[in-house]
Amino acid sequence: QVQLVESGGGLVQAGGSLRLSCVASGSIFGSNTMGWYRQFPEKQRELVAQVTSDGNTLYAGSAKGRFTISRDNPKNTVLLQMNDLKPEDTAVYYCNVHFRKMAQYYDYWGQGTQVTVSI
């Protein structure tokens with residue numbers, strides 16, 4: 001079993017910054033992808049950014065140039081540095097890790113952390 005613990009959400013004014021952190025524990029396969037998703041009320045969860053264990057990153061268009069994802073493999077930690085936040089970034093942010101092992105797909109989620117950006 002894998003557990004993800006997120007921290008770093010909160011309330012910030014537009015133009016401000018927040019850093020989200022997620023620590024994974026448990027049986028995680030060495031080759032994996034960690035990332036952040038967000039969910040707006042009554043909307044589906046959407047990708048914000050993800051990074052593979054060998055460092056390849058993928059960003060949503062809305063995150064490019066403002067957000068930076070990074071990871072510390074020995075610590076199974078993924079960070080999301082969010083700069084120049086906008087009110088439309090207000091959402092619940094979820095940490096995710098997924099990997100394939102022995103032809104089986106594994107997908108785990110954190111509990112979510114609220115990010116609120118005020119005008």
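I started with the disulfide: C22 and C95 form one, with their sulfur atoms 2.1 Å apart. I am working on a predicted model, where local features need pLDDT of at least 70, side-chain atom pairs count only at pLDDT 80 or more, and totals for chains, interfaces and linings use all residues. Residues are numbered from 1 along each chain as its sequence is written, and side-chain values use heavy atoms, with hydrogens and water left out.

**Disulfide**

I used the rule that a disulfide is a pair of cysteine sulfur atoms within 2.5 Å. By that rule I count one disulfide. The link of C22 and C95 is left-handed, with -85 degrees about the S-S bond. C22 lies in strand β3 and C95 in strand β9 (residues 91-101), so the pair ties together parts that are 73 residues apart in sequence. Strands here are DSSP runs (E, at least two residues), numbered from the N terminus.

Are the two cysteines buried or exposed? I took buried as under 20% relative accessible area, exposed as over 50%, and partly exposed as in between (1.4 Å probe, protein chains only). C22 is buried, at 0% relative accessible area. C95 is buried too, at 0% relative accessibility.

**Open sheet**

Next I traced the sheet that holds β3. It is an open sheet of four strands in the order β1-β3-β8-β7, with antiparallel pairing. Its edge strands are β1 (2-7) and β7 (67-72), and each pairs on one side only. The twist averages 15 degrees from one strand to the next. For that angle, axes are lines fitted to C-alpha atoms, and angles run from 0 to 180 degrees between N-to-C directions.

I then looked at β3 (residues 18-26) against β8 (residues 77-82). Six bridges join these antiparallel strands. Pairing needs at least two DSSP bridges between two strands. S21 has L79 in β8 as its bridge partner.

I moved on to β5 (residues 46-52). Five of its seven residues are buried, so I noted the strand as mostly covered. β4 and β5 pair in the antiparallel sense over six bridges. M34 stands opposite V51 in β5. The two strands form a hairpin with six residues between them, and E42 in the turn has a positive phi of about 60 degrees.

What joins β5 to β6 (residues 57-59)? I found three bridges, and the strands run antiparallel. Q50 has L58 in β6 as its bridge partner. β5 and β6 also form a hairpin, with four residues between them. In that turn, G55 has a positive phi of about 95 degrees.

**Aromatic rings**

I checked the rings last. Rings of Phe, Tyr and Trp (its six-membered ring) pair if their centres lie within 6.5 Å; planes under 30 degrees apart count as stacked, over 60 as edge-to-face and the rest as tilted. The count comes to four aromatic pairs. Y37 and W109 have ring centres 4.9 Å apart and planes at 70 degrees, so the pair is edge-to-face. This pair links distant parts of the chain: Y37 is in β4 (residues 33-39) and W109 is in β10 (residues 104-109), 72 residues apart. Y37 is buried at 16% relative accessibility, whereas W109 is partly exposed at 34%. I also logged one aromatic cluster, formed by F29, F99, Y106 and Y108.

Which rings does the charged end of R45 sit over? I required NZ of Lys or CZ of Arg within 6 Å of the ring centre and within 35 degrees of the ring normal. The charged end of R45 sits over the ring of Y94, 3.6 Å from its centre. It also sits over the ring of W109, 4.6 Å from the centre.
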